[in-house]
Amino acid sequence: MRDSNESSQEVKSYGKYATVQSVQRIKRNDKIARTIFTIAGIISGAMIVLIFIFVFSKGVGVFLPSYGEGQQNLWAFLTGTRWRPDQGTYGVGFIIVNTIISAFFAALISFPLAVLTALMITRMAPRQLRTVLTTAVEVLAAIPSVVYGVFASGVITQLVVKLSKAFNYNTAGGNSLLTVVLLLAIMIFPTMTDLAISAINAVPDSLIQGSLALGATPTQTNFKMVLRAARSGIFSGLVMGLGRAFGEATAVSMVAGNSYTGPSINPFDATRTLTSTMLSGFHETSGVDYDIRFSVGIVLMILILISNALIYMLKRKFGGGMQDE
């Protein structure tokens, strides 16, 4: 009798046209879907764990006594200011600083522009222009990294050379920290813009109409209500953008210059990032010069995890968006 009552309640919850058979079919399909998604999630998580284990095992081994000849000192590796494989010197300390500086300034340039562009596309642009601009942003996000690298090596480097001459500085053909920053700012812009557009479009019209009804101007509504309500998705775009800035290798390697020492905050000096360092040595197939690249990969993954954690802490401090209102 109890099972019959529960079945009746379930049928009513699915609507007046539902039957016991249709409810059972819906529940069965829902269970199958949950199982498939659970398996997919487990596989994805397992792949990440396997990749980390592989990189960690290769990267840590070079610091262990069992490695034999060529064993490296962990502290010297993490705090070193020289990277000279030809001399057996592998110091990644200045490379960490260079990577943080380049990613930070790239985000500092690109993030405000991405948010303002997304706000203009979603809230201010006419419908036809909105479609054109959205398509352009999506195309920019789909351009391969090597194309950005070719563009940077042919255009941005020349701009940097002219700027360096104006300030009486010498630069290695435009390959410099400033070139890397501008390149990364361009590359992460479409990713952050696309996610910001999605976040702003998700803001309910009722909130917008309520703000206007209370006497706020459209500009006040856009900046004080819409952006506030969409800030969770906007911060997610920042996380994705920084992830790409930290992880970009091919394009950065083409314009960084790969300096042997550092760090340097001079925008016209050559620089070296963690990813460009990893990419420059993978022509080797064995030995310290190859294995140490996995150690750099561990540092890069830890750096990305720390930066993402800091951004999520910042997002929680300022609220997560509509769900916190």
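Reply: Helices (H or I, at least four residues) and strands (E, at least two) are DSSP runs, numbered from the N terminus. The model is a predicted one, in which local features need pLDDT of at least 70, side-chain atom pairs count only at pLDDT 80 or more, and totals for chains, interfaces and linings use all residues. Residues are numbered from 1 along each chain as its sequence is written, and side-chain values use heavy atoms, with hydrogens and water left out.

Me: How many helices and strands does the protein have?
Reply: Counted as DSSP runs in the way just described, the secondary structure of the protein comes to 13 helices and 2 strands.
One of the runs is helix 5, which spans residues 127–142. The totals asked for are therefore 13 helices and 2 strands.

Me: What percentage of the 325 residues count as buried?
Reply: A residue is buried at under 20% relative accessible area, exposed at over 50% and partly exposed in between, with a 1.4 Å probe and protein chains only. By that rule, the share of the protein's 325 residues that count as buried is 40%.

Me: Which residues of the largest nonpolar core touch the most other members?
Reply: A nonpolar core is a set of buried Ala, Val, Leu, Ile, Met, Phe, Trp, Tyr and Cys residues joined through side-chain atoms within 4.5 Å. The largest such core holds 46 residues, and the members that touch the most others are F77, W83, L183 and L274.

Me: Which helix supplies the largest share of this core?
Reply: Several helices each supply at least two residues of the core, including helix 4 (93–124), helix 6 (145–166), helix 7 (177–201) and helix 13 (288–318). The largest share is 9 residues, and these come from helix 7.

Me: Which residues does L183 touch, not counting residues up to four places away in sequence?
Reply: Contact here means heavy atoms within 4.5 Å. L183 is one of the core residues that touch the most other members, and, with residues up to four places away in sequence not counted, L183 touches Y148, A152, I156, A251, V252 and V255.

Me: Is T193 buried or exposed?
Reply: T193 lies in helix 7, and, leaving aside neighbours within four places in sequence, T193 is in contact with A114, T117, A118 and V137. Its relative accessible area is 0%, so T193 is buried.

Me: How do helix 4 and helix 7 pack, and at what angle?
Reply: Two packed helices are described by the angle between their axes and the distance between the axes. Axes are lines fitted to C-alpha atoms, for helices over the stretch in contact, and angles run from 0 to 180 degrees between N-to-C directions. For helix 4 and helix 7 the axes are 6 Å apart, and the angle is about 35 degrees.

Me: Where does P263 lie?
Reply: A cis peptide bond, with omega about 0 degrees, joins G262 and P263. P263 lies in the loop between helix 11 and helix 12.

Me: Is N258 buried or exposed?
Reply: The place of N258 is also the loop between helix 11 and helix 12, and N258 has a positive phi of about 50 degrees although it is not a glycine. With a relative accessible area of 18%, N258 is buried.

Me: Is N168 buried or exposed?
Reply: N168, in the loop between helix 6 and helix 7, has a positive phi of about 60 degrees without being a glycine. Its relative accessible area is 72%, so N168 is exposed.

Me: What separates the C-alpha atoms of S236 and K315?
Reply: S236 is in helix 10 and is partly exposed, with a relative accessible area of 25%. S236 and K315 are 79 residues apart along the chain, and their C-alpha atoms are separated by 9.0 Å.
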